[in-house]
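I set out to record how this chain is arranged, region by region. The entries follow the order in which I looked things up.

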Amino acid sequence: MAHPTQLGLQDAASPVMEELLHFHDHALMIVFLISTLVLYIMVAMVSTKLTNKYILDSQEIEIIWTILPAVVLILIALPSLRILYLMDEINDPHITIKAMGHQWYWSYEYTDYEDLGFDSYMIPTQDLTPGQFRLLEADHRMVVPLDSPVRVLVSAEDVLHSWAVPALGVKMDAVPGRLNQTAFITSRPGVFYGQCSEICGANHSFMPIVVEVVPLEHFENWSSFMLQDA
C-alpha cells in the first residue's frame, strides 16, 4: 500500500500492474528527454546573441520537427494500446465475484457458490486494533486465490461508485442498472487496499475495499468456513 512521502506508484501485485509500471517509466523517460531538449533550446535562444541564418528558413529542420513528434507519439501509443487490450482480456476465469456498491459499503457475492456472500463495512476508528489502517480496514475482506484468474462483476444499487485497487491495476465504475466486468491475476499473496474512486455522497471516503490474496488451499478452507457459517 502507499505510504507517506512516497514518490512512485504502489508495488505491483498483478502482471497487468507490472506492465502499467513499465509503461509509466517508459513514458516518463520520454517526457524527461523532451523537457530537457526544450529547456536547452529556450536557454540557448535567450542567452546567445548569434543568429544562424540556416535556422531562420530551413525546410530540413521543418521536416525534422514535424516527423520527430509523430515518432514520439507512436513510441507512446503502441505500448499503451498493447496494455489496453491486455487489461480487457478475460480468459477462462477460475472464479467470479459480483461487487455491488451501496451508500456507503460494498457487498460481495461469489457466484460460483450457492450461498456465499457478505457485506463489507469500514471498521470505525475507535474499533481498530493495533496494526490496522484507519479508513482502509473492512470488517469482511474479499478473499481470492493466488495465481488464479478472477473476474469481478461491478455494479451499484443507488448512485455511481468505482471499485478500485491500485496494487492490482484495477479500476471499474459501478453504475446502477449496468453490469461492468474486469479481471485480474494476483502474483503474490498479501492484503491490498483500495477505496471507492467515484464521488458518491457524504460518506464517499468511508467505503474501503480490502482484497486478501491467499493460496488456493487456504481459500478453499475459508470458503468452506463461510458456507458453514451461513
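Entry 1. I began with residues 92-225, where the chain is 7% helix and 44% strand and the end C-alpha atoms are 26 Å apart. Helices (H or I, at least four residues) and strands (E, at least two) are DSSP runs, numbered from the N terminus. An unreviewed UniProt entry places the feature "domain: Cytochrome oxidase subunit II copper A binding" at these residues; its positions are in the numbering used here, the feature name is shortened, and the annotation may be inferred rather than shown by experiment.

Entry 2. I noted the basis of the model. It is predicted: local features need pLDDT of at least 70, side-chain atom pairs count only at pLDDT 80 or more, and totals for chains, interfaces and linings use all residues. Residues are numbered from 1 along each chain as its sequence is written, and side-chain values use heavy atoms, with hydrogens and water left out.

Entry 3. I turned to the domains, whose bounds come from an automatic or database domain assignment. I found domain 1 at 15-88 and domain 2 at 95-229. Their contact (heavy atoms within 4.5 Å) takes five residues from domain 1 and six residues from domain 2. The domain centres, taken over C-alpha atoms, are separated by 40 Å.

Entry 4. I looked up Pro-176 and placed it in the loop between β7 (170-174) and β8 (180-185). Not counting residues up to four places away in sequence, Pro-176 touches Ala-156, Asp-158, Val-159 and Leu-160.
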